[in-house]
Amino acid sequence: MNASMAGGIDCDLHPAVPGIAALVPYLDAQWADAVAQRGVHDLEPTSYPLRAPLTSRPDWRIAGAKPGSSPEQLCSQALDGFGSRAGILNCLYAVTTLFSEDMAAAFARALNDWLAAEWLDKDARLRASIVVPIQSPELAAAEIERRAADRRFVQVLLPCLADQPLGRRSLWPIYEAAARHGLPVGIHAGSTYRHPVTPVGWPSYFTEDYVNQAQGFQTQLTSLVCEGVFSKFPTLKVVLIESGFTWLPAYLWRLHKYWRGLRMEIPWVDRPPPEIIREQVRFTLQPVDAPVDGDALLRILDQAGSDELLLFSTDYPHWQFDGQDALPPLLPYSLKTKILIDNPLATYPRLKEDFA
Amino acid sequence: MPKYVIGPAADLQPGQRLIAEVAGRKVVIFNLGGEFFGLFNRCPHQGGDLCMGRTTGLVEAGPEPGQYSYSRRGEILRCPWHGWEFDIRTGKSRAEPDRVRTKRYEVEVRPGKDLFDGPYQAESVPVVIEKDYLVVEA
């Protein structure tokens with residue numbers, strides 16, 4: 001364990017559903033039978049092919065099972081291993097890719113109940129994001145209502161690239177429910193593959209897909225700002241997870257610039273967009289898309305204009321770094337403390353209740 | 001500060017603008033429904049000629065995103081280069097009024113008979129007693 005990281009809050013851990021059979025006990029009887037009758041296979045996301053190097057660090061793989069499928073191993077490697085006081089489980093099981101709204105809602109319910117019983121009940125340090133059927137904003141809001149009373153659920157999870165820009169008004173029931181319950185909305189890298197993952201069509205290679213996720217995040221952030229989500233829900237926090245953040249200075253500058261000339265299109269954006277983003281948007285640390293051994297990172301954060309943007313994450317079990325190098329080594333102590341502890345506590349009201 | 005006589009007030013009708021040179025600087029003068037306002041003819045962004053910009057109304061947020069309120073038609077000037085909006089009455093940009101603005105000049109209307117005494121600078125404008133004149137302080 002690296003002593004300088006003790007007490008951190010890991011804001012991006014990935015528990016894996018061992019297989020569809022694990023969810024069956026948590027499904028309504030009709031859907032449980034449908035899994036067998038329809039031959040529903042595993043819903044592992046295409047974004048993280050099981051054998052892709054990025055999907056798991058070699059030392060975090062489990063022989064004969066999916067990486068991230070063991071609660072004991074996750075707690076040991078990701079929490080004990082970095083001395084973290086708490087960690088947020090973001091389950092990427094691909095219920096958001098189903099075409100049926102009702103089936104997605106049923107599987108999201110089962111997934112959240114499975115998370116509560118098989119993970120949250122097993123280690124008091126674990127917290128989780130509510131997986132919602134984004135296919136139906138009304139059913140998604142209903143799922144938030146159903147699980148919000150369990151305060152171990154600290155966030156609502158959405159995929160970065162789903163069917164439409166995330167700022168659209170049709171999705172606002174999700175933001176309304178999240179804001180009302182003090183739940184940040186976490187937007188995680190990944191796609192439902194309904195649309196090409198680049199703005200110009202389908203790429204050929206995984207590398208292209210992964211690199212382009214950053215553009216997808218920028219698109220979604222611009223949509224949330226311009227459509228007025230932050231204006232309508234001023235207390236809402238949005239966390240971009242696995243988005244990278246080194247693109248922020250150029251992005252903020254560009255958005256600010258075009259807003260100055262085109263403000264009249266979106267008058268509800270009544271202050272410079274970088275101010276809104278610095279107040280209501282946060283970013284998980286890993287993957288760090290910059291050299292960590294110089295002062296580049298500090299300069300980037302200085303240009304982004306805030307030391308409150310970053311939230312500690314290992315992205316366990318994804319392979320973003322080796323050994324204990326989750327936190328860039330040359331950051332000042334005060335900034336490390338903010339990233340590890342202060343910023344997560346300020347972002348997640350429900351974490352503050354239990355881990356402050 | 002010296003005051004410069006620009007020309008007969010009757011030459012600038014409501015909705016019109018004119019460009020004048022005042023103390024070596026170009027100033028664009030607007031008539032908004034009988035009230036006169038002067039702005040430095042240079043966008044603080046990259047120096048666009050504000051006198052070439054279109055005027056529009058003031059777009060503000062309605063009660064909800066997607067709802068607009070539109071008022072003060074003709075009182076907002078957009079720079080012809082990048083569309084930045086300036087309030088003709090104050091010179092302040094609409095986007096960041098406290099940070100971005102163009103210099104505003106006081107414009108007044110004076111009867112010709114007043115202009116034969118100082119501090120008015122009217123060498124280049126023939127003045128007759130019977131007319132009213134636009135006067136800019138600079």
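Hi everyone, let me begin with a term: a residue counts as buried if 20 or more other C-beta atoms lie within 10 Å of its own, exposed if 12 or fewer, and partly exposed in between, with the C-beta atoms placed from the backbone. By that rule, 30% of the 138 residues of chain B count as buried.

Some housekeeping. This is a predicted model, where local features need pLDDT of at least 70 and side-chain atom pairs count only at pLDDT 80 or more, while totals for chains, interfaces and linings use all residues. Residues are numbered from 1 along each chain as its sequence is written, and chains are lettered from A and ligands numbered from 1 in the order in which they are written.

Let's stay with chain B. Its secondary structure comes to zero helices and eleven strands; helices (H or I, at least four residues) and strands (E, at least two) are DSSP runs, numbered from the N terminus. The C-alpha atoms of chain B fill a box of roughly 55 × 30 × 20 Å along the principal axes. I call two residues in contact if their C-beta atoms, placed from the backbone, lie within 7 Å. Among contacts in chain B between residues at least 6 apart in sequence, 50% join residues at least 24 apart.

Now over to chain A, and its sheet. Two strands pair if DSSP finds at least two bridges between them. Chain A has an open sheet of eight strands in the order S1-S2-S3-S4-S5-S6-S7-S8, with parallel pairing. Its edge strands are S1 (9-13) and S8 (310-311), each pairing on one side only.

Which strand has nine of its nine residues buried? That is S4 of chain A, residues 153-161, so this strand is largely enclosed by the rest of the structure. On one side, four bridges join S4(A) to S3(A), residues 126-131, running parallel, and A:Ala128 has A:Phe153 as its bridge partner. S4(A) is also joined by five bridges to S5(A), residues 185-191, again parallel. There, A:Leu157 is partnered with A:Gly186, and A:Leu158 with A:Ile187.

S3(A), helix H5 (residues 137-147) of chain A and S4(A) make a right-handed β-α-β unit. Right-handed here says that, with the strands pointing away from the viewer, the path from the first strand over the helix to the second runs clockwise.

For contrast, look at helix H2 of chain A, residues 29-38: this helix is hardly covered, with one buried residue among its ten. After H2(A) comes A:Gly39, with a positive phi near 70°.

Next, the core. A nonpolar core is a set of buried Ala, Val, Leu, Ile, Met, Phe, Trp, Tyr and Cys residues joined through C-beta atoms within 7 Å. The largest one has 135 residues, and those with the most contacts inside it are A:Leu111, A:Val156, A:Ala178 and B:Val136. Helix H4 of chain A, residues 101-120, gives the largest share of this core, ten residues. Beyond its neighbours within four places in sequence, B:Val136 is in contact with residues including B:Tyr4, B:Val22 and B:Tyr105.

Finally, how many residues of chain B are in contact with chain A? There are 14, and they touch 15 residues of chain A. Strand S5 of chain B, residues 55-61, gives the most to the chain B side, with three residues.
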